[in-house]
Structures are given as structure tokens and as C-alpha cells.
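Open the structure in the viewer and keep the selection panel at hand. The tour goes from one selection to the next.

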Amino acid sequence: MRDSSSLIASLTSWLDGTFSPLWAGVVSMVLLGIGILVFYSVLGLYLVYAERKICARMQNRIGPNRVGPMGLFQTVADLIKLLLKELIYIRKADALLFNIAPFIVIVASIMAIGAIPFGKGLQALDLNIGVMYILAISSMGVIGILIAGWASNNKYSVIGAIRSGAQVISYELSVGLALLCIITFAGSMQLSEIIASQQDGWWLFKGHIPALIAFVVYLIAGTAETNRGPFDLAEAESELTGGFHTEYSGIKFAFFFLAEYMNMFIIASLATTMFLGGWLPFHLFGWEGFNNVMDFIPPIVWFFGKTAFVVYLMMWFKWTFPRLRIDQLLTLEWKYLLPINLINLLLISFLTLMKWHF
Amino acid sequence: MALLREIGTYFREIYLGIVSLLKGMRVTGKYFLTPGSVVTQQYPENRAELKMFDNFKGEVILKHDENNQHSCNACNNCARKCPNGSIEIVSTRVQGEDGRSKRVLVTHTYHLEMCTFCGLCVQACEQNALAFGQDFEHAVFDKSKLTKVLNKPGSTSKAKEE
């Protein structure tokens, strides 16, 4: 449990010993693919469940509690329902683009999952430009949303998709700059090295107030980038009848739905990795006994605990704040977040240059 | 000077914005942390102790006291006010002690299947004889079961002749 890299290594050596090199590669890829897909769907379902429960508690309700103990199988039942539903064929829609759009959205988020470090050595893809890779891949999703809106041949869908495009392109800047602050601190874009640089303290604490500002900006911009919460203009049920996914039904709608939740998970796990020390345990300087107890908790629990905390924060935003207007949304980004972020980055570069961080 | 003031407003807006957002988050956070604030009724399980609210409109009832007396004087106001004609009143005239003939209620028939719970009959009742009951489980397979006679068998009226 402490270190997954030995487990992975023994698995690889077993594969190499049993199969020829070509088949070992194929089998390991298939195993990894199945693992990620199962993880993706199960986690997505339970994120939906968690969202429904948390929102219910915040609105003085109980939430799903009929299917299974505490309603745990409610989202599974919903998925079965969505699988059995008819895929309605839109006569005037662009058939190819209409069918391909949900896959672009979901493939973008599945690809991003691959690069996230869940524990020590538990990372499918440790690129030396990991942060850049995740940012690039996760913004591929907006292309799927744009295509979905355009191909639906519906005015609401097009409005929703264009809003989503404007939103993601502007907030991508803030997400990138906020992460750039931590890259400046850590001096690397490789996710495993960024975690290693937090061995003696998380960047949120080591980086003084600028890191805190970067974290807040990242949370706001990240929430906006997932088209959620107060920034859900792209779907805006009350004005656009669902926005870009108005015309989708059945499992194609479920793909958009699942991708939204998994994008939230990706944003949260990136926040965990960059600001909250990834799978590293929480240490207090000088408290040996406390630190030993914290070390005893497995890294994967630390990772998912921290990510769950960030996901909870994002759900808290969603169920507290009213939706922004499109002009307010762009004002927030271009007049507030971006200038603050640029000055913050300058400050952090100065701090790093003078080695004033811990 | 004007520039300084503008910079001041810029940061003041950020500060006020964050403060008001935190205020909102405090409200929802408080609800999240206090399970006692849940208002959902788990209906079929809590049938025994379920208490509806005082102004809940379940059905129209004719109030009877412990002596099995109601205060309806069969004035027919409720039946006249009812937009659906869901109240039928049958009355008769009997000789009172003072020798004058008095109007007495025979049956107060209430068609729940036609009622829209508008409350006009309860408002129109000058004797304050009608009220809304709390019972709401009216689902039946036969419509005729919803036609109810509101005055209980053997009940008498305590209403004064107007």
C-alpha cells in the first residue's frame, strides 16, 4: 500500500516473462485501458451521487435514499435507464458530427485521467510536460461541445455552445497562469517532480499569500472551465433548455453528463497535485509522532481525500451562487482574474528568484 | 486623484464581492452541517406520526363537537358559492318549540371528486360550520366512494336561526 511502484514493477515483469514483448505491450495496454474505463465510470457515477446528496443537504432535503442503502445504487439505476433509452435521430442534424461530439468530449477527459498521479508510482503516463498535457487534453472537450451545439441544428444548442467556447477560451488563461505560478515554484512541469518538490510542505503553505491567491483563482477558473456551478451558462436550463446537449438523448446524453463530472474530478485532482501535495501526507514541522501517524495512512487515501475536499468546494460553489450573466462572466475573467493573476505571477517569480519561499 | 479613487474602488469591489460570496457559502455550509434542518417527510414510513399543517387543505369537513352537534343551519351558502357544484344540501322544515318553523339539515353531501379545494365554501359559511380536514389519502378505484355525507348519522344542529 505504501508504494505502488513495486506492485506495478512486479506486474510488468510477470507480463514480460509470460508473453512475447509485443503481446506483453498489448496486454498491459488493454489492462490499463479497462482499469481506467472502469475507474472512470464508477467514479463518475458516484460523483453524481455525491453531488445529489450534498446539494440535498444544502437545500434542507434528504436526496436519493430509496434505491439501495442510503440510495447508493440510484445513479447505477439511472445509468441503466439511460442505456435503455432510445437514441433519438434528429432529421436535420449533421449526422456525423452529431454522433461524434459526445465521444470527443468523453475521450478528452479519459485521456486526461491517464496522466494523473493517484499514488506513488500509480500513474499511467508520467510525461515531462504533464501539466501542459492535461491542460491541452482537457480543453479538447470544448471542441466536442462546440461541435455538439453546431451539429444539433438548434438555436439553443448553438447559443450554449458559443457561450461555452467563449467561457473556456477565456478561463483557460487563468487556469494556465495559476498553474504557472506553481510551475515557477517547483521548476518543473512533470507531475511526479512537482509532488516531490512538496515533500517538505505543500505549495499552498510554502508559497505564502501569492500561492493562496493562485489557488483561489485556480478554483474559480477551474469551476468555470468545467461549465459548472455559477458558470453553467453553456447549459443554463432556465434559458436554453439544456444548451448544447438539448438534442441528445440516451447514452449520448449520459456521456456529456459523465464527462462534466469527470472534468470536475480532473480539475480537483490537478489542484490536489499542484497545491495540496498530491498523495503526500500532511506533515506538521516538528511533530514527529503526528507525522508518523500521518505517514501510516496510504498515499491513495490522501490523494482521494484531498481531491474529494476540492470537489466538495466546487459543489458548494454550485449550490450556493446564482448563475452569472455572460457579460459578468467575461468581466470577471478579463478585468479581475487575469490582471490579478499576472501580478501574482510576477510576485511569485520574484519570490522564487530571491528564494524567499520555504 | 481620480485614478487613485478608481484603484480604491477596484479593490473594494473585490473585497466586498468575496465577503458577500463567503456570506452565501456560510448559509449553505450551515445547512450542510446541521442534519436537523432537513424538512423532507419520509411519507409512507412516517404515516403514524405524520402531522399536516394547520392550513393544509385535505378535504372539506363539517365540524362536530363531542355531543355530535354541528353548527350548520342549511342556509345553502356553501352550495351556492361552490364553482363546481360539489356540495348538495338537503334540508327540511320542522316546528320549533316557539311555534315557528325551522330549517333543519338532512344531508350535507360533498363530492370530493369534483372539489378543487378553492376554499370558497369554508369562507362563505357564516356559522363557521365548515373547515378543512387534514386527511389527504383519497385515492380509490371507484369514484362513487368519494361522494361523502358530511353530517354524521344522528347529529343535530346547534345553529341559531338567523
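What percentage of the 358 residues in chain A is buried? The model is predicted, and in it buried residues make up 40% of chain A.

Select chain A. Its secondary structure consists of 15 helices and zero strands. Chain A has a radius of gyration of 21 Å, close to the 21 Å that the globule rule gives for 358 residues, so it is as compact as a globular protein of that length. Of the contacts in chain A between residues at least 6 apart in sequence, 79% join residues at least 24 apart.

Next, select helix 14 of chain A, residues 299–318. With 20 residues at 1.5 Å a residue, helix 14 should span 28 Å, and its end C-alpha atoms are 29 Å apart, which agrees. Now colour the buried residues of helix 14, among them Trp302(A), Phe303(A), Lys306(A), Val310(A), Met314(A) and Phe317(A). An α-helix has 3.6 residues a turn, so residues three or four places apart point the same way.

Move to the contact between the chains. Chain A gives 11 residues to it and chain B gives 12. On the side of chain B that touches chain A, seven residues are nonpolar, five are polar and none is charged.

Domain 1 covers 2–37 and domain 2 covers 59–157. The centres of these two domains of chain B, taken over C-alpha atoms, are 57 Å apart.

Technical notes:
Residues are numbered from 1 along each chain as its sequence is written. Chains are lettered from A and ligands numbered from 1 in the order in which they are written. This is a predicted model: local features need pLDDT of at least 70, side-chain atom pairs count only at pLDDT 80 or more; totals for chains, interfaces and linings use all residues. Domain bounds come from an automatic or database domain assignment. Helices (H or I, at least four residues) and strands (E, at least two) are DSSP runs, numbered from the N terminus. The radius of gyration is taken over C-alpha atoms; the globule rule is 2.2 Å times the number of residues to the power 0.38. A residue is buried if 20 or more other C-beta atoms lie within 10 Å of its own, exposed if 12 or fewer, and partly exposed in between; C-beta atoms are placed from the backbone. Two residues are in contact if their C-beta atoms, placed from the backbone, lie within 7 Å. Ala, Val, Leu, Ile, Met, Phe, Trp, Tyr, Cys and Pro count as nonpolar, Asp, Glu, Lys and Arg as charged, and the others, Gly among them, as polar. The expected span of a helix is 1.5 Å times one less than its number of residues.
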